Amino acid sequence: MPEHLPEHPDWLWRTPNPKRSYDVVIVGAGGHGLATAYYLARNHGVTNVAVLERGWLAGGNMARNTTIIRSNYLCEESAALYEHALKLWEGMPEELDYDFLFSQRGVLNLAHTLQDVREGTRRVNANRLGGVDAEWLDPDQVREFCPIVNTSPDVRHPVLGATLQRRAGIAKHDHVAWALARKADAYGVDLIQGCEVTGFLRDGDGDRVVGVQTSRGPIAAGTVALAAAGHTSVLAGMVGLRLPLQSHPLQALVSELLEPVHPTVVMSNHVHVYVSQAHKGELVMGAGVDAYNGYGQRGSFPMIEHQMAAALELFPIFARAHVLRTWGGIVDVTPDASPIIGPTPIGNLHLNCGWGTGGFKATPASGWVYAHSIATGAPHPLAEPFALERFTTGALIDEHGAAAVAH
Amino acid sequence: MLLIACPYCGERDETEFHYGGQAHVAYPADPEALSDAEWGEYLFVRANPKGPFAERWSHAAGCRRWFNMLRDTATHQILAVYPAGQPCPSAAQTGSVIA
């Protein structure tokens, strides 16, 4: 593990006032919005772009996730998209000229039941067929790879094995956002914080949007691209668009700083916790969403209790660790636990949402395919299966439970 | 932690309850007449407001009965609890409940 966090310059981007008009206005300066702006400029030469943020840059879910990056999804459409992201992650520190501590320390997905073993081995085979690195480990190999996992057969939920993706890992999420913001800014993209979208400007017929109304005045736009994660329903509601989304609080927590003891990322769907150790030394933990809808950016105490119990069963070594802080983000979950990317029935209004509990790992690919869709007017081949129409045609990409995490 | 007043058992922790999503979503009156888009809407699209939301809950670890609740999704304030089959209380009615 690196000894120090990277230094960053004092000023990474300008703070311009909004212009009257842009070719593209992106709503939401989180990871996906920033990556979209970056790739619009880099891949398509579209630089007359504003990214509007109600709060501060990357202060929403980008600041609230558990930073895990992996591409071991079951369905081939998902695996292709997340693997594209992982390949981009592998080149990004050099490309963005910014060290965001991308660490390919591997991700273990533990199996505790015969059904888990079947699901895991099936996913390993599916991943390999799809060009994604994947291995199956038996309990001895799990103990060898991550010695602090309790692999005793005498516990309530014994470890029967695990899938391993060695290329998976973590990154320093804030630095990822800053790296993307700095490059997008250098291309001329206006990053405008403290600018809340309060409505949409429509043309005479009302079937197209021509801009946004904001807390800093109206801004005309050739294309309006939403990248607002958990608050997409609120924005879409302003143009009368109903979406197959439910917003839920998803909590995470960190321990006090500890010596480096945890060499990889461990996820357990069955007892339901995921744990990694940040570069500074905190244990970073998460679990599932609260079952009920919520926008309060805080979750319920029973979820914390549940994941702590699970973590202690898997890692008895953490029994005396103290929780430092907990927080919640708002995730937008679709009925098939897969994102929605592409145009809407309203002209010039594009959508990138529904990433649910797993948006961070997708950041570069999300921006890549969304920029393609916005710039060319046609979906990127990787994004085509994720169109809104699938909820009419029934061609769902059902990752519930299959994506190595419970939603 | 939500403290939910089951209409049949009284106030209990949220851990005793199971969530059932949006309330008052009626099965299509004439299913044969629905287009694919209308079916998709019925199956997959639910309201997702930031504010008052009428939703279904079941007292899974108690009486196991379903009921409806009006809850503010931004503040988690419970505005009303009422039996399944009854209409959603109006704003004025919930105002009186809160008071």
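**A pocket and a sheet**

Reply: The second largest pocket has 21 lining residues, and nearest its centre lie A:Gln246, A:His248, A:Asn293, B:Tyr19 and B:Gly21. A pocket here is an open set of points on a 1 Å grid over the protein atoms alone where a 1.4 Å probe fits, with protein on both sides within 12 Å along at least five of seven lines; lining residues have an atom within 4 Å of a point.

Me: What should I know about the model and its numbering?

Reply: This is a predicted model, where local features need pLDDT of at least 70 and side-chain atom pairs pLDDT 80 or more, while totals for chains, interfaces and linings use all residues. Residues count from 1 along each chain, chains are lettered from A and ligands numbered from 1 as written, and side-chain values use heavy atoms, without hydrogens and water.

Me: Which strand gives the most to the lining of the second largest pocket?

Reply: Strands are DSSP runs (E, at least two residues), numbered from the N terminus. S3(B) gives the most, with 4 residues. Strand S12 (246–257) of chain A and strand S3 (18–22) of chain B each supply at least two.

Me: And how do I read the sheet?

Reply: Strands of a sheet pair through backbone hydrogen bonds, either parallel or antiparallel. Pairing requires at least two DSSP bridges between two strands. In chain B, 4 strands make an open antiparallel sheet, ordered S3-S4-S5-S6. S3 and S6 (78–83) are its edge strands, each pairing on one side only.

Me: Where does B:Asn68 find its bridge partner?

Reply: In S6(B), at B:Tyr82. Strand S5 (residues 66–72) of chain B pairs with S6(B) over 5 bridges, antiparallel.
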